[in-house]
Amino acid sequence: MTEYLASAAPAMGNHLWQATAFAAVAGAATLLLRRNRARVRYGLWLAASVKFLVPFSLLVGLGGLLPRPQRAVMAMPVYSAVDTAALPFAEMPVEVAPVKVHVSPMQRFEHLLPVVVAVVWLCGALVVLLVWGGRWRQVARTVRRAVRAEDGREVELLRRVEAAMGGRERVPLVLSREQMEPGIFGVFRTVLIWPERLSERLDDEHIAAILMHELMHVRRRDNLTAALHMLVEAAFWFHPMVWWMGARMVEERERACDEAVVEMGSRPGIYAESLLKAVRFCVESPLACVAGITGADLNRRVRSIMTLRLERMTVGKKMVLAALGFLAIAAPVAFGIVRMVPMYGQILHASGPLPSFEVATIKPLDPMRFVPPSNGGAPPAGRAPNGEQIVSQQELRFSKGPSQPSNLVNSTMTAKMLIDDAYNLPAFSKAQIVGGPEWTDQTMYRIQAKIDDAQYAAMQQMPSSQRVQQIRLMEQSLLAERFKLKVHFETREMPVYALEVAKGGPKLTQSVLNPTGVTQAHPTGMTVVGKGDGSEIKGNGVSPGQLILLLQQQPEVGNRMVVDKTGLKGNYDFSLDWTREGSAGADDGSSAVDAGPSFFTALKEQLGLQLVETKGPVEVIVIDHIERPSVDGAEVSAPQAVPGPSQTVPVPAPVAAPAKLPEFDAATIKPANPKNSIVGMFTYPGGRILCTNCTLQYLAMEAFGLQAWQISGGPSWVDDVQYDVEAKPPISSAASKLNNPIIKTPPSSEQREMLQSLLMDRFQLKIHRVPKEGPVYILSRGDKPLKLEPPKDKDGFSWAGRVGGGVVTDASGLAGTNISMPQLTARLSGFLNRPVLDETGIAGSFDFKYESGDEDPNSDVASGIAMSLREIGLKLAPGKGPVESIVIDHIERPSAN
């Protein structure tokens, strides 16, 4: 509760100063219009009052929902200044510190201060509401005692005035014996209260003038607006400007009615005299939302009535008012759009017909396993599993070679990498792409495309940024035509990093060669060099925006977006040298201390910058449909590589199916053999699948790559009745060429799709997907040193579970062999019945083991897993994130073979 109140304080501070500034501007405008009609000034004060109830953040949020700019917007230093000016009370990052044994009284008070402030505010608001409520009951009691008049002098004059004013709705009149002023009571169902003895003192002209004044209150809905401001006074009782505004509103409200009465033909002398006679008789209403005839400085009102000289609003004043109104709405909406700009990797939206390449070839790479170097290890950096070079997005542009025309574009990449580039996302980013089958992130393609000569010549006349954009749009066209890609865009609140200046200031050197040069689309002034277990970035003439583009590509950032909060301008020279997490000591046994600083430490110590975890709106691309690329219109089934470590554990997210799913050549489904106690799915050479004692829920888990808790619906037998299933793929399929070294290797993406076809054909399965935001666990790096060892068997089966084998059911410990962080999160998801998101930024596969000695079978599984991970240098914390599942709409028992 205390944390929630503390986090709400910056938002309230921003709202208060924005509303106060708006009210000050409205007050200045009323001075400009002091010789014009009072109703205009009243409208300004009413707008200022409503502003206290409607924060600008609502309009800012609306701006965040509007379509993004068409062009790719890079670094914009003005954003930082705008954001700081608009939101000066920024929420400070909360650092989790160790629990202290001794807490001083001052620290206790600081901790409870938000609660104390909230209680004081609530008490003040209740007091104001109780006072208003008591006064309302007082007037309501007077109305109940009054007698409704159906005829008589007052009623006849009231109907005559209503007819003259053109009113269709008749206002009831009640006669009261109390000495109170005439007034309109009620917000929606109004009643005119008239003191009986007042009529004896007034002539018909006086009564008609007062009635006209009251009916003007009804026509203007003054009681409603007054009640609205009373809510403002109750909520912001501590703000003196709110009460001062209330007095100004009452004054302008009465003067507006006075002006209207005189303009409708009432003689100023008679009208002023009627006010004076009524005031001598009555007592002013205790409520601002009971519109009477007093409520303002009577001397000033009488002078104003007798010397009424209103100026017509000039065109200039009307334009000033229109501009203020437009800015009050448009400025925060525009700010909501601008707030998305610093998210480097702004999605490029196409408008109009897309340009296209003249010709393009797309070929899947040879799936032959890469033969490691003699000294062992992974493929060289920048190369595919078969050893072919991977061309990064920065090298895609107009690739030139001795025998290659300059209008050729060559690349080697996956489908998702191509989507990254086509839609202007950070290189190899995954955070902004949602959905899609597994092959889009696994199968590498060699893409060669040629730009039409005439089109290429025209592009040479464009600025560099426009040429880059044209090629991106061509890539979008290629994806739509050859991959049948269909997407839609959403804005989601996601974890991001804010790049800020660390304590002590930046340690960047102003560039001598290009100190204030124009920011380019790609960090051409930076080079990344691998140095053993670490990396080094060298930059010359680099802007903060260019630095952010490269920081987002580092695995330590975990595919998060980075927001520029440095406020730095210009270009800089720098060098950043760090050691990759998890790699120190992997081969030589050296400690992390000897290996060099981590990425985050080096960023702070060497550049004077820091990455602070926060959340922000991020636009994402949701893949609705995608197919394997075609060659001359024919679908190509990419050969399946031998499953590596990244394929050994089902990923807890639904696998999107293509339009036509592949099918098994033959499949048998039989009731399970009760004599067979083995449960599980096995994959054999040639792509044959055998599943023994499998329930339909288990088959669906394997087919869709889900955990049991991600599947719901269907009859009870779905999770009870067991079957033996054997299936064989056709000879023409890529799955038939698989030769898995381990029969427990999970199915390939093609085999999963065949299983989906089997379920839909033989079980008549019909489902729908339910993506939603829900509770998750987040796996990140902890405070302790990493205790991850290089795998003893790099080709061994990837596994994690209880020490000694089996599912984790207690707090005894955790062990893993040849397992990567994404695979570990998938296994943990099954143990915890909740999605686990990998934000460690640690690459590679590892062995680890931790035994706690706690053999209590009733110990908490989640606490035991969290403790085990903490001891090996990781941290498991609850959070919010995407939780996708499927719902079974229809299912039948399987048909006969």
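R834 lies over the face of Y777, at 4.6 Å from the ring centre. A charge is taken to sit over a ring if NZ of Lys or CZ of Arg is within 6 Å of the ring centre and within 35 degrees of the ring normal. R220 is placed in this way too: its charged end sits over the ring of Y42, 5.0 Å from the centre. The model is a predicted one, in which local features need pLDDT of at least 70 and side-chain atom pairs count only at pLDDT 80 or more, while totals for chains, interfaces and linings use all residues. Residues are numbered from 1 along each chain as its sequence is written, and side-chain values use heavy atoms, with hydrogens and water left out.

A search of the whole structure gives eleven aromatic pairs; rings of Phe, Tyr and Trp (its six-membered ring) pair if their centres lie within 6.5 Å, and planes under 30 degrees apart count as stacked, over 60 as edge-to-face and the rest as tilted. One of the pairs is Y723 with F763, edge-to-face, with 5.8 Å from centre to centre and 85 degrees between the planes. This pair links distant parts of the chain, 40 residues apart: Y723 belongs to strand β22 (residues 722-728), and F763 to the loop between α21 (749-762) and β23 (766-781). Helices (H or I, at least four residues) and strands (E, at least two) are DSSP runs, numbered from the N terminus. Both Y723 and F763 are buried, where buried means under 20% relative accessible area, exposed over 50%, and partly exposed in between (1.4 Å probe, protein chains only). Elsewhere, F52, F236, W237 and F238 make up one aromatic cluster.

Next, the cysteines. The structure has one disulfide, the term being used for a pair of cysteine sulfur atoms within 2.5 Å. C691 is joined to C694, with an S to S distance of 1.6 Å. The disulfide is left-handed because the torsion about the S-S bond of C691 and C694 is about -100 degrees. C691 and C694 are both buried. C257 counts as buried as well, since its relative accessibility is 0%, whereas C123 is partly exposed, with a relative accessible area of 43%.

The histidine is H349, found in the loop between α12 (315-338) and β5 (359-364). H349 counts as buried because its relative accessibility is 14%. Its side chain makes a polar contact of 2.8 Å with the side chain of E619. A polar contact is a pair of N or O atoms within 3.5 Å; within protein, one must be able to donate a hydrogen and the other to accept it, and residues adjacent in sequence count only if both atoms are side-chain atoms.
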